[in-house]
Amino acid sequence: MTGALEDAVAGYRTALSLRPEYAEAHRNLGSALRRLGRIEEAVAALATAVALNPGYTEALAQLAHQLMQLCDWRMVDDLTTQLIRAVEDQHAAVYPFVFLT
């Protein structure tokens with residue numbers, strides 16, 4: 001499985017070299033990096049996704065969760081507030097399964 005994830009990371013990096021503003025690719029890169037155990041890199045990719053799209057609920061939730069995993073609490077309150085606002089504004093749902101891994 002690691003080989004497939006490494007291939008996914010390479011593919012997302014290629015996509016981002018062509019479209020660095022593509023928030024979904026940053027979020028997907030962060031997810032793949034997290035699954036590889038490269039949490040700090042995952043946090044950086046997720047933070048970029050949130051910076052590009054501050055209302056991106058999936059990226060907000062994953063970023064907050066990864067920071068909690070690292071016991072880095074400095075931004076968690078702000079991210080949680082931002083996530084709540086995004087959900088309310090968009091009438092969106094945040095799937096709790098993002099927090100199970």
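Reader: What makes helix 2 count as mostly covered?

Author: In this predicted model, a residue is called buried when its relative accessible area is under 20%, and ten of the 13 residues of helix 2 are buried, so the description rests on that cut-off. Among the buried residues of helix 2 are A23, H26, R27, L29, G30 and L33.

Reader: Which helices do the buried residues of helix 2 pack against?

Author: The partners are helix 1 (2-18), helix 3 (39-52) and helix 4 (57-69), where contact means that heavy atoms lie within 4.5 Å.

Reader: How do you know that the length of helix 2 agrees with its number of residues?

Author: Helix 2 covers residues 23-35, and at 1.5 Å a residue its 13 residues should span 18 Å. The expected span is 1.5 Å times one less than the number of residues, and because the end C-alpha atoms of helix 2 are 19 Å apart, the two values agree.

Reader: How many helices and strands does the protein chain have, and what percentage of its residues count as buried?

Author: The protein chain has five helices and zero strands, so that its elements, read from the N terminus on, run α-α-α-α-α. Of its 101 residues, 38% count as buried, and the protein chain exposes about 6,000 Å², with carbon and sulfur atoms supplying 57% of that area.

Note on methods
Residues numbered from 1 in each chain as written. Predicted model: local features only at pLDDT ≥ 70, side-chain atom pairs only at ≥ 80, totals over all residues. Heavy atoms only, no water. Helix = DSSP H or I, 4+ residues; strand = E, 2+ residues; numbered from the N terminus. Buried < 20%, exposed > 50% of the residue type's maximum accessible area, 1.4 Å probe, protein only. Areas by Shrake-Rupley, 256 points an atom, 1.4 Å probe, with all protein chains shown as cover.
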